[in-house]
Amino acid sequence: MSKVTDQNKEAQPLTDVQLTRDTRNIPISKVGVKDVSYPIVVMDKNKKFQNTIARINMYVDLPHHFKGTHMSRFVEILNKYREEIALDKLELILATMKEKLGASNAHLEMEFPYFVEKKAPVSKAKSLMEYTCTFSASLSDTFDFVLGIKVPVTSLCPCSKELSSYGAHNQRSIMTVQVRYSEFIWIEDLIEVIEECGSSPVYSLLKREDEKFVTERAYENPRFVEDMVREATVRLLSMENITWFSIEAENFESIHKHSAYAAIERDKR
Ligand SMILES: Nc1nc2c(ncn2[C@@H]2O[C@H](COP(=O)(O)OP(=O)(O)OP(=O)(O)O)[C@@H](O)[C@H]2O)c(=O)[nH]1
(Lines give C-alpha, C1' and ligand atoms only; values in the text may rest on other atoms or scores of the structure.)
Protein backbone atom coordinates (compact mmCIF):
# COMPACT_ATOMS: atom_id res chain seq x y z
CA MET A 1 0.00 0.00 0.00
CA SER A 2 1.38 3.43 -0.90
CA LYS A 3 2.07 6.13 1.67
CA VAL A 4 -0.58 8.36 0.06
CA THR A 5 -3.34 5.68 0.40
CA ASP A 6 -2.29 5.04 4.03
CA GLN A 7 -2.67 8.71 4.85
CA ASN A 8 -6.10 8.83 3.17
CA LYS A 9 -7.27 5.84 5.25
CA GLU A 10 -6.11 7.47 8.48
CA ALA A 11 -8.03 10.64 7.67
CA GLN A 12 -11.30 8.68 7.26
CA PRO A 13 -13.48 7.55 10.21
CA LEU A 14 -12.89 3.83 10.88
CA THR A 15 -15.39 1.59 9.08
CA ASP A 16 -17.65 -0.47 11.35
CA VAL A 17 -17.35 -3.74 9.41
CA GLN A 18 -19.56 -5.58 11.88
CA LEU A 19 -22.51 -3.34 10.98
CA THR A 20 -22.29 -4.02 7.25
CA ARG A 21 -25.01 -6.10 5.65
CA ASP A 22 -24.81 -9.87 5.27
CA THR A 23 -26.86 -11.23 2.39
CA ARG A 24 -26.85 -14.96 3.19
CA ASN A 25 -30.09 -14.62 5.20
CA ILE A 26 -28.79 -16.77 8.06
CA PRO A 27 -29.31 -15.66 11.68
CA ILE A 28 -26.77 -16.84 14.27
CA SER A 29 -27.98 -18.35 17.54
CA LYS A 30 -24.84 -17.76 19.65
CA VAL A 31 -21.90 -15.45 18.94
CA GLY A 32 -19.57 -13.79 21.39
CA VAL A 33 -16.47 -14.35 23.49
CA LYS A 34 -15.33 -17.64 25.01
CA ASP A 35 -12.94 -18.52 27.80
CA VAL A 36 -12.44 -15.05 29.26
CA SER A 37 -10.67 -15.34 32.60
CA TYR A 38 -12.24 -12.95 35.12
CA PRO A 39 -12.62 -12.49 38.91
CA ILE A 40 -16.07 -13.25 40.33
CA VAL A 41 -17.68 -13.45 43.77
CA VAL A 42 -19.58 -16.54 44.94
CA MET A 43 -21.79 -16.76 48.05
CA ASP A 44 -20.15 -18.96 50.67
CA LYS A 45 -22.27 -20.71 53.32
CA ASN A 46 -19.67 -20.20 56.05
CA LYS A 47 -17.73 -17.08 55.05
CA LYS A 48 -20.54 -15.10 53.35
CA PHE A 49 -18.64 -14.85 50.08
CA GLN A 50 -15.63 -16.29 48.27
CA ASN A 51 -13.53 -14.62 45.60
CA THR A 52 -12.58 -16.87 42.71
CA ILE A 53 -11.65 -16.70 39.02
CA ALA A 54 -14.05 -17.93 36.36
CA ARG A 55 -13.61 -18.91 32.73
CA ILE A 56 -16.49 -16.99 31.19
CA ASN A 57 -18.40 -17.44 27.92
CA MET A 58 -20.75 -14.67 26.79
CA TYR A 59 -22.97 -15.04 23.76
CA VAL A 60 -25.89 -13.29 22.07
CA ASP A 61 -27.94 -14.03 18.99
CA LEU A 62 -27.26 -12.07 15.80
CA PRO A 63 -29.95 -11.18 13.21
CA HIS A 64 -29.30 -12.40 9.67
CA HIS A 65 -28.67 -8.94 8.20
CA PHE A 66 -25.61 -8.02 10.34
CA LYS A 67 -22.14 -9.19 9.34
CA GLY A 68 -20.81 -9.39 12.89
CA THR A 69 -21.37 -8.75 16.58
CA HIS A 70 -19.40 -6.17 18.56
CA MET A 71 -16.95 -8.36 20.43
CA SER A 72 -15.41 -5.56 22.48
CA ARG A 73 -18.73 -4.77 24.16
CA PHE A 74 -18.83 -8.14 25.95
CA VAL A 75 -15.60 -7.36 27.78
CA GLU A 76 -16.71 -3.78 28.35
CA ILE A 77 -19.77 -5.18 30.14
CA LEU A 78 -17.61 -7.44 32.33
CA ASN A 79 -15.51 -4.40 33.21
CA LYS A 80 -18.61 -2.39 34.05
CA TYR A 81 -19.62 -4.97 36.65
CA ARG A 82 -16.11 -5.77 37.88
CA GLU A 83 -15.82 -6.47 41.64
CA GLU A 84 -19.52 -7.41 41.67
CA ILE A 85 -19.92 -10.24 39.17
CA ALA A 86 -22.04 -12.56 41.29
CA LEU A 87 -25.18 -14.69 41.12
CA ASP A 88 -27.51 -11.81 42.00
CA LYS A 89 -26.10 -9.71 39.13
CA LEU A 90 -26.39 -12.30 36.34
CA GLU A 91 -29.82 -11.19 35.14
CA LEU A 92 -28.67 -7.55 35.08
CA ILE A 93 -25.50 -8.46 33.15
CA LEU A 94 -27.58 -10.44 30.64
CA ALA A 95 -30.03 -7.53 30.26
CA THR A 96 -27.07 -5.22 29.61
CA MET A 97 -25.72 -7.64 26.99
CA LYS A 98 -29.09 -7.67 25.23
CA GLU A 99 -29.29 -3.88 25.32
CA LYS A 100 -25.69 -3.06 24.31
CA LEU A 101 -25.67 -5.66 21.54
CA GLY A 102 -29.25 -5.21 20.33
CA ALA A 103 -29.95 -8.91 20.84
CA SER A 104 -33.07 -10.94 21.72
CA ASN A 105 -31.19 -13.62 23.69
CA ALA A 106 -28.11 -13.48 25.88
CA HIS A 107 -26.15 -16.32 27.47
CA LEU A 108 -23.56 -16.27 30.24
CA GLU A 109 -21.59 -19.38 31.22
CA MET A 110 -19.05 -19.44 34.01
CA GLU A 111 -16.83 -22.27 35.21
CA PHE A 112 -14.88 -21.66 38.40
CA PRO A 113 -13.08 -23.42 41.24
CA TYR A 114 -14.93 -23.21 44.57
CA PHE A 115 -13.29 -24.21 47.84
CA VAL A 116 -15.06 -25.94 50.71
CA GLU A 117 -13.50 -26.69 54.10
CA LYS A 118 -13.85 -30.39 54.84
CA LYS A 119 -13.07 -32.43 57.94
CA ALA A 120 -11.41 -35.85 57.62
CA PRO A 121 -13.90 -38.51 58.86
CA VAL A 122 -11.97 -39.78 61.94
CA SER A 123 -9.10 -37.40 62.75
CA LYS A 124 -11.31 -34.39 61.92
CA ALA A 125 -8.26 -32.79 60.30
CA LYS A 126 -9.47 -29.77 58.30
CA SER A 127 -8.52 -29.03 54.72
CA LEU A 128 -9.80 -27.12 51.71
CA MET A 129 -11.21 -29.11 48.84
CA GLU A 130 -11.72 -27.71 45.36
CA TYR A 131 -14.93 -28.33 43.42
CA THR A 132 -15.46 -27.18 39.83
CA CYS A 133 -18.76 -25.31 39.59
CA THR A 134 -20.72 -23.79 36.72
CA PHE A 135 -23.30 -21.02 36.44
CA SER A 136 -25.24 -21.11 33.15
CA ALA A 137 -27.67 -18.24 32.75
CA SER A 138 -29.78 -17.07 29.80
CA LEU A 139 -32.15 -14.21 29.24
CA SER A 140 -34.68 -14.13 26.41
CA ASP A 141 -38.15 -13.01 27.54
CA THR A 142 -37.54 -14.95 30.74
CA PHE A 143 -34.47 -15.59 32.90
CA ASP A 144 -33.10 -19.12 33.20
CA PHE A 145 -30.36 -20.27 35.55
CA VAL A 146 -28.65 -23.64 36.02
CA LEU A 147 -26.17 -24.38 38.81
CA GLY A 148 -23.69 -27.18 38.10
CA ILE A 149 -21.10 -28.90 40.31
CA LYS A 150 -18.57 -31.62 39.58
CA VAL A 151 -18.33 -33.75 42.70
CA PRO A 152 -15.49 -36.28 42.89
CA VAL A 153 -16.24 -39.49 44.83
CA THR A 154 -14.75 -42.97 45.24
CA SER A 155 -16.64 -45.84 43.65
CA LEU A 156 -16.02 -49.52 44.35
CA CYS A 157 -17.35 -52.09 41.88
CA PRO A 158 -20.10 -54.40 43.28
CA CYS A 159 -19.35 -57.02 40.62
CA SER A 160 -15.63 -57.07 41.36
CA LYS A 161 -16.34 -57.36 45.11
CA GLU A 162 -18.71 -60.29 44.52
CA LEU A 163 -16.37 -62.21 42.23
CA SER A 164 -12.94 -61.61 43.73
CA SER A 165 -11.35 -63.52 46.59
CA TYR A 166 -9.48 -60.35 47.60
CA GLY A 167 -10.37 -56.67 47.32
CA ALA A 168 -12.40 -55.05 44.56
CA HIS A 169 -11.42 -52.56 41.89
CA ASN A 170 -12.20 -49.01 42.86
CA GLN A 171 -11.53 -45.60 41.39
CA ARG A 172 -12.15 -41.89 41.51
CA SER A 173 -15.41 -40.93 39.84
CA ILE A 174 -16.90 -37.60 38.90
CA MET A 175 -20.58 -36.99 39.53
CA THR A 176 -21.84 -33.93 37.63
CA VAL A 177 -25.03 -32.46 39.00
CA GLN A 178 -26.97 -29.62 37.39
CA VAL A 179 -30.08 -28.09 38.95
CA ARG A 180 -32.74 -25.50 38.35
CA TYR A 181 -34.41 -24.44 41.59
CA SER A 182 -37.23 -22.33 43.01
CA GLU A 183 -35.41 -21.33 46.21
CA PHE A 184 -31.71 -20.66 46.64
CA ILE A 185 -29.50 -23.73 47.20
CA TRP A 186 -26.05 -23.58 48.79
CA ILE A 187 -23.30 -25.20 46.74
CA GLU A 188 -22.09 -26.81 50.00
CA ASP A 189 -25.48 -28.50 50.61
CA LEU A 190 -25.72 -29.90 47.10
CA ILE A 191 -22.18 -31.28 47.34
CA GLU A 192 -23.12 -33.11 50.57
CA VAL A 193 -26.15 -34.70 48.91
CA ILE A 194 -24.14 -35.94 45.93
CA GLU A 195 -21.21 -37.18 48.02
CA GLU A 196 -23.58 -39.66 49.73
CA CYS A 197 -24.18 -41.35 46.38
CA GLY A 198 -20.78 -42.90 45.72
CA SER A 199 -19.00 -45.58 47.76
CA SER A 200 -17.20 -42.87 49.76
CA PRO A 201 -16.55 -39.13 49.55
CA VAL A 202 -13.00 -38.07 48.69
CA TYR A 203 -10.89 -35.66 50.76
CA SER A 204 -7.79 -33.57 50.23
CA LEU A 205 -6.34 -34.48 53.66
CA LEU A 206 -6.51 -37.95 55.27
CA LYS A 207 -4.44 -39.24 58.20
CA ARG A 208 -3.83 -43.01 58.67
CA GLU A 209 -6.98 -43.58 60.72
CA ASP A 210 -9.01 -41.75 58.06
CA GLU A 211 -7.48 -43.79 55.26
CA LYS A 212 -8.48 -47.05 56.99
CA PHE A 213 -11.99 -45.68 57.51
CA VAL A 214 -12.60 -44.52 53.92
CA THR A 215 -11.15 -47.72 52.44
CA GLU A 216 -13.46 -49.86 54.57
CA ARG A 217 -16.45 -47.57 54.02
CA ALA A 218 -16.01 -47.86 50.24
CA TYR A 219 -15.79 -51.67 50.54
CA GLU A 220 -19.04 -51.72 52.53
CA ASN A 221 -20.80 -49.48 49.96
CA PRO A 222 -20.07 -50.89 46.49
CA ARG A 223 -21.70 -48.83 43.72
CA PHE A 224 -22.10 -49.13 39.95
CA VAL A 225 -22.50 -45.88 37.97
CA GLU A 226 -26.17 -46.89 37.73
CA ASP A 227 -26.41 -47.03 41.55
CA MET A 228 -24.78 -43.61 41.83
CA VAL A 229 -27.17 -41.78 39.49
CA ARG A 230 -30.18 -43.62 40.99
CA GLU A 231 -29.15 -42.72 44.55
CA ALA A 232 -28.75 -39.09 43.46
CA THR A 233 -32.13 -39.14 41.71
CA VAL A 234 -33.90 -40.39 44.86
CA ARG A 235 -32.38 -37.50 46.82
CA LEU A 236 -32.90 -34.80 44.17
CA LEU A 237 -36.54 -35.84 43.65
CA SER A 238 -37.17 -35.43 47.37
CA MET A 239 -35.77 -31.86 47.43
CA GLU A 240 -38.87 -29.78 46.75
CA ASN A 241 -36.99 -26.60 45.78
CA ILE A 242 -35.31 -28.40 42.85
CA THR A 243 -37.48 -28.02 39.76
CA TRP A 244 -35.21 -29.71 37.21
CA PHE A 245 -32.00 -31.70 37.44
CA SER A 246 -29.52 -33.75 35.51
CA ILE A 247 -27.05 -36.10 37.13
CA GLU A 248 -24.15 -37.89 35.48
CA ALA A 249 -21.61 -40.34 36.87
CA GLU A 250 -18.32 -41.19 35.20
CA ASN A 251 -16.05 -43.83 36.72
CA PHE A 252 -12.45 -43.59 35.53
CA GLU A 253 -12.10 -47.35 35.68
CA SER A 254 -8.93 -48.70 37.24
CA ILE A 255 -9.14 -52.01 35.33
CA HIS A 256 -10.18 -50.57 31.95
CA LYS A 257 -8.80 -47.86 29.75
CA HIS A 258 -12.28 -46.44 29.30
CA SER A 259 -14.84 -44.99 31.72
CA ALA A 260 -18.19 -46.34 32.87
CA TYR A 261 -20.94 -43.69 32.47
CA ALA A 262 -24.60 -43.16 33.41
CA ALA A 263 -26.96 -40.16 33.31
CA ILE A 264 -30.50 -39.24 34.37
CA GLU A 265 -32.42 -36.01 33.70
CA ARG A 266 -35.77 -35.11 35.31
CA ASP A 267 -38.03 -32.10 34.81
CA LYS A 268 -40.31 -31.70 37.82
CA ARG A 269 -42.05 -28.56 36.51
N1 LIG B 1 -17.53 -9.73 15.09
C2 LIG B 1 -16.29 -10.21 15.19
N3 LIG B 1 -15.31 -9.41 15.69
C4 LIG B 1 -14.05 -9.93 15.83
C5 LIG B 1 -13.79 -11.29 15.48
N6 LIG B 1 -12.50 -11.53 15.74
C7 LIG B 1 -11.98 -10.39 16.23
N8 LIG B 1 -12.90 -9.40 16.27
C9 LIG B 1 -12.61 -8.05 16.73
O10 LIG B 1 -13.37 -7.49 17.77
C11 LIG B 1 -12.96 -6.11 17.82
C12 LIG B 1 -13.96 -5.22 18.44
O13 LIG B 1 -15.05 -5.01 17.62
P14 LIG B 1 -16.20 -3.97 18.05
O15 LIG B 1 -16.79 -4.35 19.34
O16 LIG B 1 -17.16 -3.83 16.91
O17 LIG B 1 -15.34 -2.65 18.26
P18 LIG B 1 -15.74 -1.14 18.15
O19 LIG B 1 -16.41 -0.92 16.84
O20 LIG B 1 -14.52 -0.37 18.48
O21 LIG B 1 -16.76 -0.97 19.32
P22 LIG B 1 -18.20 -0.28 19.27
O23 LIG B 1 -17.98 1.15 18.96
O24 LIG B 1 -18.76 -0.52 20.64
O25 LIG B 1 -19.00 -0.98 18.20
C26 LIG B 1 -12.59 -5.74 16.42
O27 LIG B 1 -11.24 -5.38 16.44
C28 LIG B 1 -12.80 -7.02 15.63
O29 LIG B 1 -11.89 -7.21 14.63
C30 LIG B 1 -14.83 -12.09 14.92
O31 LIG B 1 -14.66 -13.28 14.58
N32 LIG B 1 -16.06 -11.50 14.81
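Which domains does the domain assignment give the protein chain? There are two of them: domain 1 (26-141) and domain 2 (144-269). These bounds come from an automatic or database domain assignment. Keep in mind that this is a predicted model, where local features need pLDDT of at least 70 and side-chain atom pairs count only at pLDDT 80 or more, while totals for chains, interfaces and linings use all residues. Residues are numbered from 1 along each chain as its sequence is written.

**The overall picture**

Let's start with the whole chain. It has seven helices and nine strands; helices (H or I, at least four residues) and strands (E, at least two) are DSSP runs, numbered from the N terminus. The radius of gyration of the protein chain is 24 Å, well over the 18 Å from the globule rule for 269 residues, so the chain is more spread out than a compact globule. That radius is taken over C-alpha atoms, and the globule rule is 2.2 Å times the number of residues to the power 0.38. Along the principal axes, the C-alpha atoms fill a box of roughly 85 × 45 × 40 Å.

Buried residues make up 23% of the 269 residues. A residue is buried if 20 or more other C-beta atoms lie within 10 Å of its own, exposed if 12 or fewer, and partly exposed in between, with C-beta atoms placed from the backbone. Among contacts between residues at least 6 apart in sequence, 67% join residues at least 24 apart. A contact here is a pair of residues whose C-beta atoms, placed from the backbone, lie within 7 Å.

The centres of domain 1 and domain 2, taken over C-alpha atoms, are 26 Å apart. Across the boundary, 21 residues of domain 1 are in contact with 21 residues of domain 2. On the domain 1 side, the elements that give two or more residues are β3 (106-119) and β4 (126-139). The largest share, 11 residues, comes from β4. By class, that side of domain 1 has 13 nonpolar, six polar and two charged residues. For these classes, Ala, Val, Leu, Ile, Met, Phe, Trp, Tyr, Cys and Pro count as nonpolar, Asp, Glu, Lys and Arg as charged, and the others, Gly among them, as polar.

**The core**

In soluble globular proteins, nonpolar side chains tend to be buried together. Here the largest nonpolar core has 44 residues, and those with the most contacts inside it are Met97, Met175, Val177, Ile194 and Ala232. Such a core is a set of buried Ala, Val, Leu, Ile, Met, Phe, Trp, Tyr and Cys residues joined through C-beta atoms within 7 Å. Strand β2 (residues 48-62) gives the most to this core, with six residues. The core draws at least three residues from each of domain 1 (26-141) and domain 2 (144-269).

Which residues does valine 177 contact, leaving aside its neighbours within four places in sequence? They are Gly148, Ile149, Val151, Leu190, Ile194, Ala232, Phe245 and Ile247.

**Around the ligand**

The ligand is surrounded by Asp16, Gln18, Gly68, Thr69, His70, Met71, Ser72 and Arg73.

**A few residues to look up**

Here are some single residues, with their C-beta neighbours.

| Residue | Class | Other C-beta atoms within 10 Å |
|---|---|---|
| Proline 222 | partly exposed | 18 |
| Arginine 55 | partly exposed | 15 |
| Glutamate 83 | exposed | 9 |
| Lysine 124 | exposed | 9 |
| Serine 165 | exposed | 4 |

Proline 222 sits in the loop between α6 (208-220) and α7 (225-238). Not counting residues up to four places away in sequence, proline 222 touches Leu156, Cys157, Pro158, Lys161, Ala168 and Ser199.

Arginine 55 belongs to strand β2.

Now for the backbone. Glutamate 83, in the loop between α2 (71-80) and α3 (90-101), has a positive phi of about 75° although it is not a glycine. Lysine 124 lies in the loop between β3 and β4, and its phi, near 65°, is also positive in a residue other than glycine.

Finally, look for serine 165 in the loop between α4 (158-163) and β6 (170-181). Serine 165 and isoleucine 93 are 72 residues apart in sequence and 58 Å apart in space, C-alpha to C-alpha.

Technical notes: Two residues are in contact if their C-beta atoms, placed from the backbone, lie within 7 Å. A residue is near a molecule or strand if its C-beta atom, placed from the backbone, lies within 6 Å of it.
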